[in-house]
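Got a minute to go through some labels and where they come from? Here is the sequence with its model.

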Amino acid sequence: MSDVNKTIQKWHASFRKGTDFDSWGQLVEAIDEYQILARQLQKEVQSTNPSDFTEDQKKTLGKFATCLEMRSAALQCTQSQEEFKLEDLKKLELIIKNILTYNKDFPFDVQPVPLRRILAPGEEENLEVEEEEEDATGAGSPESSPNRVPAFTKMGTLLPRLPSEPGMSLLTIKIDKIGLKDAGQCIDPYMTVSVKDVNGIDLNPVQDTPVATRKEDTYIHFSVDIEIQRHIERLPKGVAIFFEFKHYKPKKGFTSTKCFAFMEMDEIKPGPIVIELYKKPTDFKRKKLQLLTKKPLYLHLHQTLHKD
């Protein structure tokens, strides 16, 4: 079996796993699987390396990823006006299974990933040529890109608190505000929160906050709770919780990471905490860290531990 066929087989298996969880009512697991698969598809779509997929096939994969995100958002009760149902998602199974031979119109009118890219950390450094092309296509101002951030992204992808277990602790992190010298200029700002092991591998579903709308002097206010999706006692050594601040760049037509912060296990304790901001690209392995600024600007959080 060729490498591309192995990849497609893995995607199909991940899709079946997610829809099975969904149909069984295991929503946290379904969301996790959908988000992982969506990111894998987005990575393939956005890759500039030689690919086994044609441009049309990449567009289809991008639309497929959008549908996964829409179903994930629907499961999280984000009050989406157009809920994407499980039976709708299941209609796409033959597409992911037969992506190399699929030649029909995509069954849903959705926007493919490349038109509303969210870049991987550091990817923006390699986009000079692409950015010029995007500017030429008219993606140069917020007014000309009213749908620059999808509705389900604007509302966030936050997950509910896990069920309590005797003797186990759950952590809620309230993102209060972030201090930035150009806070007032950031468009559609939001945070991506992830839990990574020492190798930078995700241990929990990645969560996005809703877009922040309140800005005051050098601060952007979020006032939103993040429920960490694993009991603290079950987190392995060396874990860190990452906070990536993202915003939309109208002249370049994409959303990118501006800076990041992280909190390690020994910092998990009830009460307020202020943590430093670091320059992009996000270093999930915490090897080469460079402070964003020497000014007293930080990420302000508040932690609450829940224990039965």
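What follows is a set of questions and answers about the labels used for this model.

Q: What kind of model is this, and how are residues numbered?
A: It's a predicted model, where local features need pLDDT of at least 70, side-chain atom pairs count only at pLDDT 80 or more, and totals for chains, interfaces and linings use all residues. Residues are numbered from 1 along each chain as its sequence is written, and side-chain values use heavy atoms, with hydrogens and water left out.

Q: What does the secondary structure of the chain come to?
A: The chain has 7 helices and 10 strands. Helices here are DSSP runs of H or I with at least four residues, strands are runs of E with at least two, and both are numbered from the N terminus.

Q: Why is Phe84 called buried?
A: Buried means under 20% relative accessible area, exposed means over 50%, and partly exposed is in between (1.4 Å probe, protein chains only). Phe84 has 5% relative accessibility, so it counts as buried.

Q: Where does Phe84 lie, and what is it in contact with?
A: Phe84 is in the loop between helix H3 (55-75) and helix H4 (86-90). Contact means heavy atoms within 4.5 Å, and leaving aside neighbours within four places in sequence, Phe84 is in contact with Cys67, Met70, Arg71, Ala74, Leu89 and Phe108.

Q: What makes Thr60 buried, and what does Thr60 touch?
A: Thr60 counts as buried because its relative accessibility is 15%. It sits in helix H3, and, not counting residues up to four places away in sequence, Thr60 touches Ile95, Ile99 and Phe106.

Q: How many disulfides are there by the rule?
A: The rule asks for a pair of cysteine sulfur atoms within 2.5 Å, and the count by it is 0 disulfides. Take Cys259: the nearest cysteine sulfur, that of Cys186, is 8.3 Å away, and Cys259 is in no disulfide.

Q: Why do Cys67 and Cys259 count as buried?
A: Cys67 is at 0% relative accessibility, so it counts as buried. Cys259 is also at 0% relative accessibility and therefore counts as buried.

Q: What makes H2 roughly antiparallel to H3?
A: Axes are lines fitted to C-alpha atoms, for helices over the stretch in contact, and angles run from 0 to 180 degrees between N-to-C directions. The axes of helix H2 (residues 27-46) and H3 come within 9 Å and cross at roughly 155°. Angles under 35 degrees count as roughly parallel, over 145 as roughly antiparallel, 65 to 115 as roughly perpendicular and the rest as oblique. That's why H2 is called roughly antiparallel to H3.

Q: Which residues make the contact of H2 with H3, by class?
A: By class there are 13 nonpolar, 4 polar and 4 charged residues. Ala, Val, Leu, Ile, Met, Phe, Trp, Tyr, Cys and Pro count as nonpolar, Asp, Glu, Lys and Arg as charged, and the others, Gly among them, as polar.

Q: How do you know that H1 and H3 are roughly parallel?
A: Helix H1 (residues 3-24) and H3 have axes that come within 13 Å and cross at roughly 20°. H1 and H3 are therefore roughly parallel to each other. The contact is made by Trp11, Phe15 and Asp22 of H1 together with Leu61, Phe64, Leu68, Arg71 and Leu75 of H3. By class, that contact has 6 nonpolar, no polar and 2 charged residues.

Q: Is Asp188 buried or exposed, and what about Asp217?
A: With 11% relative accessibility, Asp188 counts as buried, while Asp217, at 71%, counts as exposed. Asp188 lies in strand S2 (residues 187-196), and its phi is near 50°, a positive value in a residue other than glycine. Asp217 isn't a glycine either, yet has a positive phi of about 55°, and is found in the loop between strand S4 (214-216) and strand S5 (219-227).

Q: What joins Lys280 and Pro281?
A: A cis peptide bond does, with omega about 0°. Pro281 is in the loop between strand S9 (278-279) and strand S10 (299-307).
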